[in-house]
Amino acid sequence: MPGMNAHTGSQLDSLTHIQQSVADILTTPLGSRVMRRDYGSLLPELIDQPLNGPTALRAYTATVVALMKWEPRLRVQQVTRQVSTQRPGRFDLIINARRVDNGESVSLAVPLKGNA
């Protein structure tokens, strides 16, 4: 099912729309949507935390919980992080998932950055 680009209004294919939706869910702080206070994830609260094991585990958990709740088109199989060596304080969350509609495996990269 095609979707709409949130910035231009143009039509998106279903995979691109899923990627846009995942990025929106993960970067929206909980409580920031007026009529949907529980929409979003806990990831924005972790942005300024140190890039260590416990923070990574919290980020993975926040990712899976938010996507299970708000993105029914995907079943998350694995979440990893890829820390940038050229951009300090930034990393990508790599999400490997399976689409519910056709069983296709997808890999999505969601860039996240701190205030550093």
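The model is predicted, so local features are reported at pLDDT of at least 70 and side-chain atom pairs at pLDDT 80 or more, while totals for chains, interfaces and linings use all residues. Residues are numbered from 1 along each chain as its sequence is written, and side-chain values use heavy atoms, with hydrogens and water left out.

Helices here are DSSP runs of H or I with at least four residues, strands are runs of E with at least two, and both are numbered from the N terminus. The structure holds 1 aromatic pair. Its ring centres, those of Y39 and W70, are 5.1 Å apart and the planes stand at 65 degrees, so the pair is edge-to-face. The rule requires centres of Phe, Tyr or Trp rings (for Trp, the six-membered ring) within 6.5 Å; planes under 30 degrees apart are stacked, those over 60 edge-to-face and the rest tilted. Y39 is buried at a relative accessible area of 7%, where buried means under 20%, exposed over 50% and partly exposed in between (1.4 Å probe, protein chains only).

D38 pairs with K69, their closest N and O atoms being 3.0 Å apart; a salt bridge is a side-chain nitrogen of Lys or Arg within 4 Å of a carboxyl oxygen of Asp or Glu. Because D38 lies in the loop between α1 and α2 and K69 in helix α3, the pair ties together parts that are 31 residues apart in sequence. D38 is partly exposed at 40%, and K69 is partly exposed at 49% relative accessibility.

The count comes to 4 salt bridges. Among them, E71 and R73 have their closest N and O atoms 2.7 Å apart; E71 is buried at 2%, whereas R73 is partly exposed at 27%. Another joins R99 to D101 at 2.8 Å between the closest N and O atoms. R99 is buried at 7%, but D101 is exposed at 56%.

Strand β3 (residues 74-83) runs antiparallel to β4, with 9 bridges between them; strands pair if DSSP finds at least two bridges. Within this pairing, T80 has I94 of β4 as its bridge partner. Strand β4 (residues 90-99) is mostly covered, with 7 of its 10 residues buried.

On a 1 Å grid over the protein atoms alone, a cavity is a set of points where a 1.4 Å probe fits but cannot get out; a pocket is an open set with protein on both sides within 12 Å along at least five of seven lines, and lining residues have an atom within 4 Å of a point. The largest pocket contains about 250 Å³ of space. Its lining has 14 residues, with Q20, S21, D24, I25 and Y39 nearest the centre, and α1 gives the most, 8 residues.

There is 1 cavity of 30 Å³ or more, and the largest cavity holds about 100 Å³. Of its 13 lining residues, L46, L51, T55, A59 and F91 are closest to the centre. The elements giving two or more residues to this lining are α2, α3 and β4, and α3 supplies the largest share, 4 residues.

Conventions: Points joined across faces, edges and corners; volume = space filled by probe spheres on them.
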